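Please read them alongside the sequence and the coordinates.

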Amino acid sequence: MSQGRCSILFLPFNIAVEGDSGETLDALALRGGVPLERPCTGAGICGKCRVRTAPPAEFLTPPTFTERRLLKKAELDAGLRLACCATILGSGTVSVVNPVGQRSHRILEDLGPDAMFVWDGARPGYGISVDIGTTTVACCLLDLQGQKILGVHSFLNPQIPFGDDVISRISHSTSSPEALGQLQRAILGGLSSAFLELTQRHGIRSEEIREVVVAANTVMEHLLMGVSPETIGKSPYTPAFLSHEPVPAASLGLPVHPEGLLKLIPNVAGYVGGDIVSGATAFGLDSGAPLKLLVDIGTNNEIVLGNRDGLYCCAAAAGPALEGARIQCGMRAQAGAIERVRLAGGELEIEVIGGGHPVGLCGSGLVDLLALLLREGIVERSGRFVPPEECRNEPLRSRLGRDGNGMVHFLLGEAADAVRLTQKDVREVQLALGAIRAGMGVLLERRDVSLEDIDELLLAGAFGNYIDVDSAMAVGLVPKLPRERIRSVKNASGLGACLALASPRFYEKTGEAAQKMQYIELSTLPDFQRRFVKAMIF
C-alpha cells in the first residue's frame, strides 16, 4: 500500500485534490468542492456518488461489499466505483459520472398570478429578493424607483454536494473546523454570481443594488450568516437566532452598494423558517376569515393552518424521497427524468422532461406511478407489491420482476436495466407521506376543525406546482377536498420575499406573522409514533 500524500484529479472539472492514503474519494471531492452527487452524504445507501476509472485502478482499494451490492458486475468491470467507498492508495484520475447540475434542472421561478405588488412609494436604486431553498435558489431583481420586477435568475443550491437535506448539512457543518465556512462560501459564491448575472443582463452597476431581502428555512439562514446550526440538529432543536438584525450585504462579500442592507425574513422554530413565513404572509393566512392550509412540500415539509383568529404550524420530517433522493432510480426534476406516468388503452405511457430516453424518476412521476399501481391493485394499501404471479393486470404483469433477494420491483421500460420502482422505494415514500399526513392531522386537532372546514388548501413550491393533484390525493399526499378548494401558489416564498422588498411595511408584517404562529414540535407528542404509523397506510 502506498503511503503519504496523494493527488486525485477529478474530471471533467480538472480539479486536483491532495489527500492522504486511506481517505475516500468522497472526502477528497468534498474538500475540493467537486460537485459530486451524494444524497445519502456518504452513508453507502444511495449508490449515486459514481465515478469512473480506467481499470485496473491500482491507486484505489478493491471494490467493497457495498459497491458489489449497489453496482452490477459489468459496471465494476468497466471501472465504475462509489466515491464514498473507494479508498485511495496513491495518485490517479477519476471521472465524475453524474455531477450535480450536469443536466438542465426545472426550477420554479413563477411567482404565480397573485403577484399583486403593493409598493410603499418609489425609492432610489434597485433591490434583489432571494429565496434560498435546500435544493434551489431564485433571485429576483426589482427596480425600486420604477416599482417593477426586472428579471429572475435561479440555480441549484451549491451546498448540495454537502448533503441533500438540512440534517445532512447540519451534520457537515460540524464535521470539521472549516466545514461551516465551506457551506457559507458555497451559498455566497452562488448568490454573488447570480447578482452579477442579473445586473449585467439589465445594464445595472452592482453599486446600484441598495437592498437585499432573503427568505429561507432556518438552517439555510444560519449557514448564510455563518452561524452554526448545530443546536437545530438535536433536541430541543433550538436555533441560534429566530430573527436577525439587517447587516451590510457587502460585509458578506456580495456585490452591492457598500451601505446596502441584507434583511432576513424571521423564522418561527428550528424547522419552520422564513420561507413558510414569507408565503403565509403573502397569502394573508393571518389576516382573513377563510381557514387556509398552506403546505410546502420539499426536503423539509412545513405546514401552516389558520386564519386571522390564529395560526398553528409544524414541520414534518419527510426527508428528500419526494425529490428523488433515497429512491433507487430517483432524481431531481431535470432532463431525462420521468415526470408523468399514466395508462392509455391499457398501455403504460410516460413523459420525460426534455424528451428522449428516461434515466430516472422525479417526484411527480413517482407519485403518478404509485397512484397507478395502487389503482390497479399492483401495490396494496399496506405498501406491499403483489407477487408477479398474483397480478391480475395482464398488460402490466410482465413489468413485475424480482431482484437477487427475491424482492418485487416494477419496470418502466423493456430492458432489464430500465428505470424501476422497488419495494424499498415504496417504503421510502410511505415514510414521507406518514410524516406529512400525521402533521396535518395534529394541526387540525389543535385548531379543533376537520378537513371539511378548510376553505382553501394552498400547495407551495416546485413539487406542489408540478404534481398531479388527483395522483397526490390517491396516494394520500394531498387531502381529499373538492378540487375548487385546492390551489397551487407557485413560489410562495419567493413571492413573499419580493413583496418584502417592494414594501417595508410588508417586511414588518412577516415579523408579526411569525409571532402569531404557534409551533408544535411533533417529535415531543406522546402519541406521534402511533399517528405516524397509521398515516403511512395508503
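1. In this predicted model, Gly-377 follows helix H8 and has a positive phi, near 75 degrees. The helix itself covers residues 363-375, a run of 13 residues. Its first and last C-alpha atoms lie 18 Å apart, close to the 18 Å expected at 1.5 Å a residue.

2. Helix H8 is mostly covered, with twelve of its 13 residues buried. The buried positions include Gly-363, Ser-364, Gly-365 and Asp-368, and also a number of leucines, among them Leu-366, Leu-369, Leu-370 and Leu-374.

3. The largest nonpolar core contains 76 residues, of which Val-130, Ile-132, Cys-139, Leu-191 and Leu-262 touch the most other members. Helix H5 (residues 179-201) supplies the largest share of this core, namely nine residues. A second, separate core has 70 residues, including Leu-293, Tyr-312, Val-386 and Ala-535.

4. With neighbours within four places in sequence left aside, the contacts of Val-130 include Val-137, Ala-138, Cys-139, Leu-191 and Phe-195. Val-212, Val-213, Val-214, Ala-215 and Ala-497 are also in contact with Val-130.

5. Ser-173 belongs to helix H4, which spans residues 166-173. Its relative accessible area is 6%, under the 20% cut-off, and Ser-173 is therefore classed as buried. A polar atom of the Ser-173 side chain lies 2.6 Å from the backbone oxygen of Ile-170. Not counting residues up to four places away in sequence, Ser-173 touches Ala-179, Leu-180, Leu-183, Leu-223 and Pro-229.

Terms used: Residues numbered from 1 in each chain as written. Predicted model: local features only at pLDDT ≥ 70, side-chain atom pairs only at ≥ 80, totals over all residues. Heavy atoms only, no water. Helix = DSSP H or I, 4+ residues; strand = E, 2+ residues; numbered from the N terminus. Buried < 20%, exposed > 50% of the residue type's maximum accessible area, 1.4 Å probe, protein only. Polar contact = N/O pair within 3.5 Å; in protein donor to acceptor, adjacent residues only side chain to side chain. Contact = heavy atoms within 4.5 Å. Core = buried A, V, L, I, M, F, W, Y, C linked by side-chain atoms within 4.5 Å. Expected span 1.5 Å × (residues − 1).
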